[in-house]
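Me: I am new to this one. Please show it to me, and then let me ask about the labels.

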Amino acid sequence: GGNWTFTLTQTGLAPGTNYTYNLTVRDLAGNINTTETRNITGNTQSGFVSVTNTPSVPNDLDPNIVVNISVNISDIDSNFDSAVLQWQNSTTTSWNNVTMNNLTSKTGIYTLINASFTLPSYETNITYRIWTNDTQSATNYSANYTLQSFWDCTWLATSDLGATAGW
């Protein structure tokens, strides 16, 4: 007697492929019971084709500058749902979250998304990453990317200015 729990983990499901299953049990007295047929679909998390930031040149990344992050997401199941840009400065452990804008249809394999944030008003390193979610709740994080936000002294002179000083 008693209750039984049966757990089966099936690996190797192909993304986008539909599977059906049911369970049939027989007890020692010969009684048989079969569940209804259920359907599941294999799913994978979104991948990252490219992640870029603008401006991208270190000399242009100064405090208080707006940085635009553009991402090309690949979801072979065509079920991408949402993404969040997460960023933090080098002195904190908490992430700031910015909802990313979908620039293309959510039904395709490739989805272009973007978001912007303003660098802090002080010099620091900024780390950012992208979190994605699909309609089947498969989530993924991109790699971490680091921006160096420092005041710099870079000038391009097209003629001789004589003696020049900077800080």
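Reply: Start with a term: strands are DSSP runs of E, at least two residues long, and helices are runs of H or I, at least four; both are numbered from the N terminus. The model is predicted, so local features need pLDDT of at least 70, side-chain atom pairs count only at pLDDT 80 or more, and totals for chains, interfaces and linings use all residues. Residues are numbered from 1 along each chain as its sequence is written, and side-chain values use heavy atoms, without hydrogens and water.

Me: Where is leucine 23?

Reply: Leucine 23 lies in the loop between β1 (18-21) and β2 (24-26).

Me: Why is leucine 23 called partly exposed?

Reply: Its relative accessibility is 35%. Buried means under 20% relative accessible area and exposed means over 50%, with partly exposed in between (1.4 Å probe, protein chains only). Leucine 23 therefore counts as partly exposed.

Me: Why does aspartate 81 get the label partly exposed?

Reply: Aspartate 81 has a relative accessible area of 30%, so it falls between those cut-offs. It sits in strand β7 (residues 80-89). Its C-alpha atom is separated by 28 Å from that of threonine 37, 44 residues apart along the chain.

Me: What makes β9 a partner of β10?

Reply: Two strands pair if DSSP finds at least two bridges between them. Two bridges join β9 to β10 (residues 110-118), and the strands run antiparallel. Asparagine 102 has isoleucine 113 in β10 as its bridge partner.

Me: Which order do the strands of the open sheet take?

Reply: The four strands run β5-β6-β10-β9, with antiparallel pairing. β5 (47-54) and β9 (101-102) are at the edges because each has a single partner strand.
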